[in-house]
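Open the model in your viewer and keep the sequence panel in view. This tour goes stop by stop, with something to select at each one.

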Amino acid sequence: MTPEAAFDHPRRVVMLIYPQVASVDVCGPLEPFGLANFLTGRRLYAPVTASVDGGAVAVAGGFLTLQPTCSCDDLPGRIDLLLVAGGPGCFAAAEDARLMSWIRRLEPRCARMGSVCTGSTVLLASGVTHGHQVATHWLEAMRLSTEAPYSAQVAPDAIFLNSGKFWTSAGMLAGIDLALAVIEADHGRQLAVDIARFMVMVMRRQGGQSQFSSQLMAEATEDPRIRRVQRYIWEHPRADLSLARLARWAAMSERSLGRRFKAVTRVTLSRYIEDVHLSLARRLLESSEQSMQSVVDNSGFGTTATLRRVFQRRLGVSPSSYRASFGIDSAEADLGLADDAALRMDLESVVSGKSAW
């Protein structure tokens, strides 16, 4: 099919919804597909929402009711991408026999399939992802890691993940990252970058969600002593973070701190410290032009050798390669389909109304 012919046959994107779905999980990932049409003036995608029976769905929180575009019965024979939204209702949805049956029936008709946030729980329950890894919200990843049927399938640190035909994302807004990645795969990086720019986003979240979840966990930890230790690590990454020093800070014995920290956070203290150092280093490499030595100093790694070793072990790349891929200039350097001027964002045309929806 030629590129021009593709515009006459837009890619069908379906968001499958159910009661107590998260509204952001539904609308957020669909927005980039609509913007792809808007910014190019071409119908690249046909995004729709669907519920099992076509009935309205109340979102979590009760502040909104979503009327889906159609029922599962009315979906077209060929679907380019089907996503299952996440939300508090995912656990009930995972036990809904009709929904499970529809997901299994739709799977052969989908060129790509996936989930947003805890929609992964629904997808896993259907059995269609067997043999593939999935991304999910970091809290749900912690829960699923203790369940034998699913523990091996969950990639706990992924913002989004592509495994075969399955595209899955972590918490809420990571669904937008997934959508941008799909658009990049379909139409090149430039269009994805233009959409991200239009949405006032960055195309820099291909890393792991530990850089977000570790800090969030510090705010969510119920044990005030452990929370105090976590905050100290975040606020003083260059300090002496030895077990002895942190134990004195927490007014606990070293043995008690080590045991309690792991019981509360489900990670060892040394792993948590490494997570913090890695998160800080990644942020600096992504958003600044600091020298590598400054990144080492400000993230608390101590030496460039330690920085390189941890990056290679945890991310599979060197710090310099990571900066080249996700640093502040990478979006401009990789032009993707920039040669096709028709797919370049023209803000003047958008503002003047010359770019049709």
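**The whole chain**

Start with everything shown as a cartoon. The protein has 18 helices and 9 strands. This is a predicted model. Now colour by burial. Of the 357 residues in the protein, 50% are buried. Then think about contacts between residues at least 6 apart in sequence: 65% of them join residues at least 24 apart.

**Stop 1: two crossing helices**

Select residues 97–106, helix α4, and residues 119–126, helix α5. Their axes come within 9 Å and cross at roughly 75 degrees. An angle of 65 to 115 degrees counts as roughly perpendicular, so α4 is roughly perpendicular to α5.

Which residues of α4 meet α5? Show side chains for L99, M100, I103 and R104 in α4. Across from them, pick V122, L123, A125 and S126 in α5. By class, this contact has 6 nonpolar, 1 polar and 1 charged residues.

**Stop 2: helix α10**

Move to residues 224–235, which form helix α10. The helix has 12 residues. From first C-alpha to last, α10 reaches 16 Å, close to the 16 Å expected at 1.5 Å a residue.

Zoom in on the start of α10. There, a side-chain oxygen of D223 reaches to within 2.9 Å of the backbone nitrogen of R225.

Next, which residues in α10 are buried? Select I226, V229, Q230, Y232, I233 and W234: these are buried in the helix.

**Stop 3: H277**

Select H277, in helix α13, residues 269–287. Is H277 buried or exposed? Its relative accessible area is 10%. The cut-off for buried is under 20%, so H277 is buried.

Now show what surrounds this side chain. Leave aside neighbours within four places in sequence. H277 is then in contact with P237, L241, S299, G300 and F301.

**Stop 4: two loops with positive phi**

Select A251, in the loop between α11 (243–250) and α12 (254–265). Phi of A251 is near 60 degrees, a positive value in a residue other than glycine. A251 has a relative accessible area of 68%. Over 50% counts as exposed, so A251 is exposed.

Follow the chain on through α12. Where is R266? Look in the loop between α12 and α13. Phi of R266 is near 70 degrees, again a positive value in a residue other than glycine.

Methods: Residues numbered from 1 in each chain as written. Predicted model: local features only at pLDDT ≥ 70, side-chain atom pairs only at ≥ 80, totals over all residues. Heavy atoms only, no water. Axes fitted to C-alpha atoms, helices over the stretch in contact; angles between N-to-C directions. Helix = DSSP H or I, 4+ residues; strand = E, 2+ residues; numbered from the N terminus. Parallel < 35°, antiparallel > 145°, perpendicular 65-115°, else oblique. Contact = heavy atoms within 4.5 Å. Nonpolar A, V, L, I, M, F, W, Y, C, P; charged D, E, K, R; others polar. Expected span 1.5 Å × (residues − 1). Buried < 20%, exposed > 50% of the residue type's maximum accessible area, 1.4 Å probe, protein only. Polar contact = N/O pair within 3.5 Å; in protein donor to acceptor, adjacent residues only side chain to side chain.
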